[in-house]
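Colleague: Please take one part of this model and go through it closely. I would like to know where the residues sit and what they touch.

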Amino acid sequence: MMRSRNYQIFSVIFKERFREPTLEFTIPLMFSSNVFINAFYERGNFTIYGIILAFIPLISVSETIAFALALRNIIFVTGDHIYRGSIISFLTFPIKRTSLFLMMYFSDVITPYIIWLSTTEAYILLSGIPVPQFLILIYTIGYFFTENIILSIALTFKSAGIATLLSSFIIGLLFIFGGMLNYYELIQGSNVLGITSSLNPYVLLLYEAVNRKTLPCIYEGITIELIIATFTFFFSLNKFKRLEI
């Protein structure tokens with residue numbers, strides 16, 4: 001009985017975010033848009049360089065769709081419920097707030113990621129292109145890093161407008177400014193790349209591919225991203241549990 005009730009609640013939450021034809025449109029588009037892997041794939045010395053380019057967010061259509069879909073769910077579905085006070089109807093469900101938060105998080109954030117991962121891995125398998133799984137890992141950590149930041153902002157300010165502006169500013173600053181900073185640090189030969197690489201590791205990956213050098217600081221950067229992603233997740237969970245309407 002408990003399992004059936006939880007399933008019914010999850011079904012309501014999931015269907016609200018993925019009404020037809022969202023999935024019917026998103027899944028084929030994500031799969032077919034991976035053609036950019038082929039478009040940037042070059043044989044010879046620039047093979048890895050081309051694959052890395054194909055996996056850079058904004059260039060990769062499927063990655064951008066996954067990110068945008070999760071952002072929409074967080075700000076304009078969950079965030080909108082909180083702003084308008086309609087979240088109270090969900091809070092009255094016979095379920096713990098932690099379980100409700102996890103259901104929303106799965107629908108908002110994890111589902112778009114699963115769609116991206118499954119379509120991308122299927123395309124890689126069918127195309128036969130040797131894509132390093134390290135690129136999948138970097139996007140995975142970066143995805144949860146950014147989406148968890150956005151979620152914490154949405155739950156803190158409880159306004160779709162403010163959350164959108166702050167999220168766009170912060171994520172844009174991290175990615176664009178971080179890339180510029182990493183490029184500058186590479187030129188200067190700085191020792192703080194382990195910290196700045198967490199802002200945009202793709203610049204360092206391209207540097208590795210072109211110069212055929214290994215930069216261990218990339219691992220430090222994604223470790224920092226993972227720590228921040230974990231912290232913001234539990235911060236958001238705590239904010240949701242203490243939510244007052």
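Modeller: Lys 158 is partly exposed, at 32% relative accessibility; the class lies between buried (under 20% relative accessible area) and exposed (over 50%), using a 1.4 Å probe and protein chains only. The model is predicted, so local features need pLDDT of at least 70 and side-chain atom pairs pLDDT 80 or more, while totals for chains, interfaces and linings use all residues. Numbering runs from 1 along each chain as its sequence is written, and side-chain values use heavy atoms, without hydrogens or water.

Lys 158 belongs to the loop between H8 and helix H9 (160-188). Helices are DSSP runs of H or I of at least four residues, strands are E runs of at least two, and both are numbered from the N terminus. The phi of Lys 158 is positive, near 55 degrees, although the residue is not glycine. Most residues other than glycine have a negative phi.

Within helix H8 (residues 133-157) sits Asn 148, which is buried at 3% relative accessible area. Its side chain makes a polar contact of 2.7 Å with that of Tyr 105; the term means N or O atoms within 3.5 Å, within protein one able to donate a hydrogen and the other to accept it, with sequence neighbours counted only if both atoms are side-chain atoms. Leaving out residues up to four places away in sequence, Asn 148 also touches Ala 229, Thr 232, Phe 233 and Ser 236, contact being heavy atoms within 4.5 Å.

An unreviewed UniProt entry gives "transmembrane region" at spans including 122-145 and 157-180; positions follow the numbering used here, feature names are shortened, and annotations may be inferred rather than shown by experiment. Residues 122-145 are 79% helix and 0% strand, with end C-alpha atoms 24 Å apart. For residues 157-180 the values are 92% helix, 0% strand and 29 Å.
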